[in-house]
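Biologist: I'd like a close look at one part of this model, and then a walk onward from there. Could you take me through it?

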Amino acid sequence: MDTYPPLPAYRADCPSRVVVDVLANKWVLYVLALLQKSASPLRFNELRRLVDGVTQKSLTKTLRTLERNGLVDRRIYAAVPPRVEYRLTDLGRDAAPLLAAIDSWAAQNASAIVEARASFDTASDRA
């Protein structure tokens, strides 16, 4: 009989919950990836143009969450109108390998997921 090690318990106080709560937002990975790939800081409207489909409210919330959690730095410049730029912090840059791995996995497996969805939906329609 095969024996397996006990599964971990992801308790409410597990430190990984802090990270997963931040990264699980669908816009977070796109924003982090864009900031990581950009040669210079990005302004709010640049990010909004580059992340197709994000609303102003969602992008604002995402950027505030990333800033609050130390992944993004927000710089305000005294100008008329005020200029605000976003860049990754050292902690945000440390996440680059994670972002690259997710991006690579997504590129390699997106078609398989689309096929699985279609197969599931077809089977569900028959049931």
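Is threonine 62 buried or exposed?

Modeller: Keep in mind that this is a predicted model. Threonine 62 is buried: its relative accessible area is 2%, and the cut-off for buried is under 20%. The residue sits in helix H4, which covers residues 56-68. Skip the neighbours within four places in sequence, and threonine 62 is in contact with Asn25, Trp27, Val28 and Val31.

Now for the strands. E2 (residues 72-77) and E3 (residues 83-88) pair in the antiparallel sense, with six bridges, and they form a hairpin with five residues between them. Tyrosine 77 has arginine 83, in E3, as its bridge partner. Arginine 83 is partly exposed at 30% relative accessibility, whereas glutamate 85 is buried at 11%.

On to helix H5 (residues 90-94): aspartate 90 and arginine 93 are three residues apart there, so about one helical turn separates them. Their side chains meet in a salt bridge, 2.3 Å from N to O. Aspartate 90 counts as exposed, with 55% relative accessibility, while arginine 93 is partly exposed at 44%.

Another pair is aspartate 13 with arginine 11, whose closest N and O atoms are 3.3 Å apart. Aspartate 13 is exposed at 58%, and arginine 11 is exposed at 53%. The count of salt bridges comes to six.

How values were computed: Residues are numbered from 1 along each chain as its sequence is written. This is a predicted model: local features need pLDDT of at least 70, side-chain atom pairs count only at pLDDT 80 or more; totals for chains, interfaces and linings use all residues. Side-chain values use heavy atoms; hydrogens and water are left out. Two strands pair if DSSP finds at least two bridges between them. Helices (H or I, at least four residues) and strands (E, at least two) are DSSP runs, numbered from the N terminus. Buried means under 20% relative accessible area, exposed over 50%, partly exposed in between (1.4 Å probe, protein chains only). Contact means heavy atoms within 4.5 Å. A salt bridge is a side-chain nitrogen of Lys or Arg within 4 Å of a carboxyl oxygen of Asp or Glu.
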